[in-house]
Amino acid sequence: MQEDLNDEINDLNEGVNENEVLQPKQQPESQVETKEAPQSPSKVQVLTVRPGEVKFSLGTLVLIFACTFLLVAATFIQINIAYPVFGSTAQGLEPFHIYKYIPQVPAVLFVGALLGRKYGLTAVLLYVAAGLFFVPVFSLGGGLKYIFEYGFGYIFAFIPAAFFTASIMRSGFSLRNIAHASLVGVLTIHLIGLLYMIPIAFLHHEPMSFIGNWLVAQSGIKIICDYILTFTALYITRYLKLIMQVYT
């Protein structure tokens, strides 16, 4: 009888041990850690001006002819700019002088920055070729005889100036590049134009006073106006380039 009771107690102990092995221990609910999957941050696309040449397309061809027309239009546009004349009041003169400004230089450098070296030069060359061989699009007419005009050196200087401006702007449309390109482009046009005018003046037996007056008229207030308006035009170009990137 005692042996049967001991056997039953042993069987119960073995059952309890098996249940402990089969059922894993569970952690208290307060100690269970739940990890949430990290959320990916939202992507914000920021458009920046990509340096480089404009890709050729039908739209590019339209832009080239539109920029050539812009150069023609800029030749015949005059902007009246008033600037003070110091000492004029004491002499009984008007305190301000009206300068009739023609915005050719900003237009040329704008075309170079917008279209790049290849297509910018194409637009400028079309303008020069049209004036020399086809249509009188220059301020005093046109034709091959125009190369003997005093101001043709400025027109000829449009070609290297547009090239230099486009080359500088290839590295980006930062304010530093805009200021640098504006300065180089404006000085290139005025320097070549002046150097071209001097032998033409000697060819026409003009006195030295003529050269001095020309220097004051073409390279005085005009250089300041050219630089300010060129800087403004190139600053606007950076946003036009963004629009071109979106739709091309």
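1. The main nonpolar core. In this predicted model, the largest nonpolar core contains 40 residues. Within that core, Leu115, Tyr127, Phe138, Ile155 and Ile189 have the most contacts. Six helices each supply at least two of the core residues: H2, H3 (104–134), H4 (152–169), H5 (175–203), H6 (208–219) and H7 (221–247). Helix H3 provides the largest share, with 15 residues.

2. The second core. A separate core of seven residues is also present. Ala113, Phe173, Ile178 and Leu234 are among its members.

3. Tyr127. This residue is one of those with the most contacts inside the largest core. Leaving out residues up to four places away in sequence, Tyr127 touches Thr68, Leu71, Val72 and Thr75, and also Gln104, Val137, Phe138, Ile155 and Phe158. Two of these partners, Phe138 and Ile155, are themselves listed with the most contacts in that core.

4. Cys67. Helix H2 contains Cys67, and its relative accessible area of 5% places this residue in the buried class. Beyond four places in sequence, Cys67 touches Val111, Leu114, Leu115 and Ala123. Among these, Leu115 has already been named for its contacts inside the largest core. The C-alpha atoms of Cys67 and Phe110 lie 9.1 Å apart, although 43 residues separate the two in sequence.

5. The nonpolar surface patch. Phe56, Leu58, Leu61, Val62, Phe65 and Leu126 form a nonpolar patch on the surface, and together they have about 610 Å² of accessible area. Helix H2 (residues 58–75) gives the most to this patch, with four residues. Phe65, a member of the patch, lies in H2.

6. The salt bridge. How many salt bridges does a search of the whole structure find? The search finds one. Asp226 pairs with Lys222, and their closest N and O atoms are 3.1 Å apart. Because the two residues are four places apart in helix H7, about one helical turn separates them. Asp226 and Lys222 are both buried. Side chains of opposite charge can pair when their charged atoms come close.

7. Asn177. Is Asn177 buried or exposed? Its relative accessibility is 14%, so Asn177 counts as buried. This residue is found in helix H5. Residues up to four places away aside, Asn177 touches Ile168, Met169, Ser171 and Gly172.

8. Pro136. The loop between H3 and H4 holds Pro136, which counts as exposed at 52% relative accessibility. Even so, Pro136 is in contact with Phe76, Gly141 and Gly142, its neighbours within four places in sequence being left aside. Pro136 and Tyr146 are 10 residues apart in sequence, with a C-alpha to C-alpha distance of 9.7 Å.

9. His205. The phi angle of His205 is near 60°, a positive value in a residue other than glycine. His205 belongs to the loop between H5 and H6 and counts as exposed, with a relative accessibility of 72%.

10. Overall architecture. The chain comprises seven helices and two strands. Read from the N terminus, the order of elements is α-α-β-β-α-α-α-α-α. Of the 248 residues, 34% count as buried. Among contacts between residues at least 6 apart in sequence, 72% join residues at least 24 apart. The chain exposes about 16500 Å², of which carbon and sulfur atoms supply 65%.

11. Confidence. The average pLDDT of the chain is 80, and 73% of the residues score at least 70. Confidence is highest in H4, at a mean of 96, and lowest in helix H1 (residues 2–22), at a mean of 51.

Methods:
Residues are numbered from 1 along each chain as its sequence is written. Side-chain values use heavy atoms; hydrogens and water are left out. Patches are made of residues with over 30% relative accessible area and no salt bridge: like charges are joined within 9 Å, nonpolar side chains (Val, Leu, Ile, Met, Phe, Trp, Tyr) within 5 Å. Accessible areas come from the Shrake-Rupley method with a 1.4 Å probe; for residues, only the protein chains shown count as cover. A salt bridge is a side-chain nitrogen of Lys or Arg within 4 Å of a carboxyl oxygen of Asp or Glu. A nonpolar core is a set of buried Ala, Val, Leu, Ile, Met, Phe, Trp, Tyr and Cys residues joined through side-chain atoms within 4.5 Å. Buried means under 20% relative accessible area, exposed over 50%, partly exposed in between (1.4 Å probe, protein chains only). Contact means heavy atoms within 4.5 Å. pLDDT is the predictor's confidence in each residue, from 0 to 100.
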